[in-house]
Structure formats: structure tokens, C-alpha cells
Amino acid sequence: MNKLIIWYGELITGHKLLKRGLFFLTPGMLWLILFLVLPGLILILVSFAGRGTYGDLVWEFSFENYTRLIGYGIFGWTLDYVYILFRSIWVALVTTCLSVVLSYPLCFYIAKKPLRTRYLWLTIVIIPFWTNMVIRAYAWFLILAPELPFAKLAAFLKLIPEGAPLYPSALAVYLGMISMFLPFVALPLFSSIERLDWTLVEAAQDLYASNFRIFMHAILPQTLPGLSVGIILTIVPAMGMFVVPDLLGGAKYMLIGNLIQQQFGSSRDYAFGAAISMALMILTLISLYLYKRKNRGVDLI
Amino acid sequence: MKGLSLKGINKTFGKVHAVRDVSKDIHSGEFFTLLGPSGCGKTTLLRMIAGLELQDSGRIILDGEDITGLPAIKRHINTVFQSYALFPHLNIFDNVAFGLRSRKVPGVEVNKRVKNTLEMLELGEMTKRFPHQLSGGQSQRVALARALVNEPKVLLLDEPMSALDAKLRAQVQVELRRLQQKLHQTFILVTHDQDEALIVSDRIAVMKDGQIIQYGTPAEVYDFPKNRFVAEFLGSANLIEGNYRDGLFHTQIGIFELEKPPSWEKGFIAIRPEWIRISDTEPVKNGLRATVTEIIYRGTNLDISLTPGPIRLRTSTYSHIKIGDELWLDLAPKEIAVLNE
């Protein structure tokens, strides 16, 4: 261990090098332990506790919170929570898919722009990113207000009553979610598309490929790294999103994020909230695992 | 007519006139080469034939059918790209089968044709490998197989040898020539390598600034260059400027006799280094007394520079020439090429 070695041009002993490495690692490790590992462990502990009469934590070990989550409540068996859980997954999937479908044409459009205006276009995509999401959600209130053409058109088609706004509704939730997550898909995808090797596209055309075949063999494999990052960055936070569905979906379209927020907020049932959080985290990890297994060789982040 | 006809092709990129009014008939079964320095428009011309670039004006006719407006996927023409452009996520078999599968050829036939093509190019062992596991020479053969398996009417090759090292390149050039003669298919090669063009081609079109400036068999183009550019681009040449009067060519280094009188009074002649002979005695005609200033040993021969001139000549390594020697050079009239432009 005390043998002299040359490390990037420096003469040093292995022992000293190890000490220096630990010194550099310590702040990061402390940070992770303090703000990720410990709260995680506390969350696991709390999820097995119970609720007192006044919303305080009762340290009695039980699986009650988990059995309640899958439907065995005090009012008999109901699938409400499971339904909300699956609806959350569904909304996250649809949001991700639509964001991907919209991102491809958007990215190709921007990538085709001359270099001078390209970054202007990218900035336009990024600007909503810098705006608070509550403000963005309220902006949708305005757009979907009864006085504006969208709500009027829907009323004319008898989809909603005369003079009603288009929110709260599933449509409003999807609009809010997609506008929220589109940059998360578009930006990593753009970096892949900007570096696209167009000779592969030409080779596919030269070999009589249909547009679908060109996309599958010349474009998709090349953009997969950026696409993967975009999908992960979208689906994970989308599963736990609560501001947008709360404001734009209200009680009509509750997602798991809202349910958790409710437990820690008005219901004051920390233990149940922790259990739902654990369930969400496990689901997210499972979906990441499945995704990684399906796309072997693709680095997630 | 069988073959490919280009009629008045023009192409501009902004202010650059990349291809100017190119017309040429390329016969079926011919190995045709577009030779020129980078930026001469040869690759642009090739891409227009492939359908990957649209010409501003002019028509392209393949076996009597006007394919001017057809996109690449409708043209019975395949390309070997300079970078090979193999699909990295597909193995060699699937890469080669790509074109057949695009056209929905039945699976049994795909298997048979891909197998035959891979065997013809000695790639039978590596069907399951992926492009990143191949050497440069193997990638090049896979790219060739991927194009040839479709039995195109014209095969386009865009500098396919530029990524290979010199020794492998020389070997592949001969193989490519043999393959073309065996298949008797039309090959159009784009290259800036004059040796390559001379080795493989039936006919060479030398391009400069978007135009074909000379066209002919390799021997015609090499032996009778029309102008300074061709004389210097293909091989090397001693260019001598002078005036033609009274049936003789007067230059600064001497007076020479030409086989045929040129059409001009003032101009250039070219003589290749390997066409100049060293003589012990003064030659009957066109002798030149010169002093050796530099000797470069090249293994197979010696390259010698002499004054006046400087004149460069190429001779066998067997000769015992030293710097400072005075020699008689024989610039025989039949070895002198008169440049017209």
C-alpha cells in the first residue's frame, strides 16, 4: 500500500491516494446519507406505524396501512386506492407517450433551422421550464376559461354545458402534464437528433425502405440514448405529480400524488401517506427495472 | 439504349455551381470512374444519380426510362457509401438483407440471396457479427454485399476505399475490378485517387470545377492528357512551356521536335518522368544535356531531378547515377504529349 505509484504524473503512495479520495468523497456521502438515506429509512419506519386520534403518529407496528392501500378499509373492501394508483401510472404513460410523439417533429423542426435561429427556438422551448408550475397551471385556467373559443367550441359540440370551463377535467390534466414534461423529453432528444448521422437515413432510402422502416432502423436506434433519458425524466416525476392534477383535475381526477399530499395535509395521516409513498417508489423502481431489461445496453442516465 | 444517360445536369448550392452541364452516356456493364480533386462536384453528381440530391436542371435516363423525378427508393440503383453507413444495431446478415426485406421479398429467397452474396464476398463466416466487430476491409465488403444483393442496374461507389490502408486498398482495387468483370454490372466509382481510377476503370471522366474536362479509357487519359490539369492530376508530368514556330518547339531549355504540329503557337507540352530515357551518347533527336541535382530512392525505382528545368525522370534502381553527373536525356517525339488547352 505504501509503494510509490505515478498517478496522472504525480509521484504518490497508494495510502495517501486513498486518504485523498475519501476526503473528496465525504461531503457527497454525508449529503446523501443526511437527505436521502435517513429520510428514506424514516419513511419506511413510519409506513408501518399508525394514526392517533388527533393525527399524531402511534408507534405500533402493523401492516394496516398497506392492507388499506390495496382495499381493506374500515368501510369494507374497495378498490379506490388501487384505482388511483393505476390511473396515475396510466396518466404518466400517456403523458410520456404523447410527449415523445410531439417531441420528434418538434426536434426535427428545430434541428433543421439554421444555427443562428436554432438556439432561439430552443430557448422558446425552455422558457416555460423557468416558469413556476403553479403559474403555468393557472395559465391553462385562462386558456380553458368559458369565454375563450376552446370552451365555446366544446359547448357548441355539446361536450360540456353552456358557459362552463373546460377544467377541471382529464383533458385539462393531460394538457397541463404534457406542457409540463415536453421539455424534459424534447431537450435530451434534441441533443441526439442534432448529432444524427443522416447517411444512415440515406442508406435506408437507397435500400428502398418505407418511412416507417427508415424511422425504426435509421432514426430510432440513433436517438435512443436521448429518448431514454427523456422517458425516465418524464415518467418518474409524472407518476408522483400532484400540483397539476390538483389544480386542473380537482377532486374529479385524483392521482396518487394528490392522495399522498392529502395524507400529509388535510387528513394528517402520516403513516398512510408514507405507505403510499413507499408503494409509488416501489412501482417506479419496478418500471425502471423493466425498462432497463428491455433496453439492454442503454445507459439510463 | 441500355445504360445510364446524363443529359445536361446542373446543380448549384447557393453561389457554388457544383455541377455544370454534365452530359454523358455510361454503357451497361461498364466500370465508369469520376475522378477529380475534392470539391469538383463528383460526389454531388453521384448523389444525383442515386436520387439523394435533386438536380436543378437536366435529365437522368436509365435503360431508356426517365428516372429524373423518381426518389431514391424508386430507383433501381444502390450505393456503397464512403462511411459504409452500416446499420449498427443489425448484424451482418440483417444489414445485407435490408434492401430485400424493404421490398418484401419472401424469406426463403432473402436467405438464399443473402447467403450467396456473402459467400461471393467471402463473408460467409460472419453473418452473426455486428458492424462494430468488423475491420475496415470487412465493413467495406459488407457495404458492397448490402448493395449488390439487390442486383441493382447501376452500383454507385462513393470513395469506398478511402478508409482503408494503402496495402489493403491496392488489394481491394484489384478484387473490385475482378468482381465487376465477373458480374458484368454497371459500376460508377467516385474517387480522387488517380491510381485507383487507372486500375479499376473501363472509362474515366476527369472532373474539375463541376465539369468533365477529359473522358476516355485509362490509357487514353494517361497517355494523352488534354491539358495541364489532367497531366498533373494523373501521375506526374514535366510541363514545358514554349513557342511553336518553323516546325519546331522552342523552349528555355532547348529546341524539340514534335510528332504532330500543335494547334497553337504558344503553349505547353507534357512528358512523363518514366518516358524519358537516359542515353550514353547524344540522341539523334531531342537530346538534352542535364545535371543531376537530386536522387530519391523509392525501392522499385529512382526519381531523379535535373537542371535545367527542373526535369524529373524515373529510372530503374540499377543505374549508377550520382548527384552532379551530367547525362544525355532522350525526349523522343512520340513520348511527348501536346496539351491542347
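# Reading a predicted two-chain model

Analyst: This model is predicted. Leaving aside its neighbours within four places in sequence, Lys42(B) is in contact with Leu34(B), Leu35(B), Gly36(B), Pro37(B), Glu159(B), Val190(B), Thr191(B), His192(B) and Met207(B).

User: Is Lys42(B) buried or exposed, and what is its relative accessible area?

Analyst: A residue counts as buried when its relative accessible area is under 20%. Lys42(B) has a value of 3%, and is therefore buried.

User: Which backbone oxygen does the side chain of Lys42(B) reach?

Analyst: A polar contact joins N or O atoms within 3.5 Å. In this case, the side chain of Lys42(B) reaches the backbone oxygen of Gly36(B) at 3.2 Å. Gly36(B) is also one of the contacts listed above for Lys42(B).

User: How many bridges join strand β1 to β2 in chain B, and which residue stands opposite Lys11(B)?

Analyst: Strand β1(B), residues 3-13, is joined to β2(B) by 8 bridges, and the two run antiparallel. Opposite Lys11(B) stands Val19(B), in β2(B).

User: How many residues of chain A are in contact with chain B, and what area do the chains bury between them?

Analyst: On the side of chain A, 15 residues are in contact with 25 residues of chain B. The two chains bury about 1800 Å² between them, 61% of it on carbon and sulfur atoms. Asp206(A), Leu207(A) and Tyr208(A) supply 44% of the area that chain A buries against chain B, more than any other three residues.

User: Which side chains meet in a salt bridge between the chains?

Analyst: The count between chain A and chain B is 1 salt bridge. The side chains of Glu202(A) and Arg47(B) meet in a salt bridge at 2.6 Å, N to O. Helix α8(A) gives the largest share of the side of chain A that touches chain B, 7 residues.

Technical notes: Residues numbered from 1 in each chain as written. Chains lettered and ligands numbered in written order. Predicted model: local features only at pLDDT ≥ 70, side-chain atom pairs only at ≥ 80, totals over all residues. Heavy atoms only, no water. Buried < 20%, exposed > 50% of the residue type's maximum accessible area, 1.4 Å probe, protein only. Polar contact = N/O pair within 3.5 Å; in protein donor to acceptor, adjacent residues only side chain to side chain. Contact = heavy atoms within 4.5 Å. Pairing = 2+ DSSP bridges. Helix = DSSP H or I, 4+ residues; strand = E, 2+ residues; numbered from the N terminus. Buried area = accessible area lost by both parts, 1.4 Å probe. Salt bridge = Lys/Arg side-chain N within 4 Å of Asp/Glu carboxyl O.
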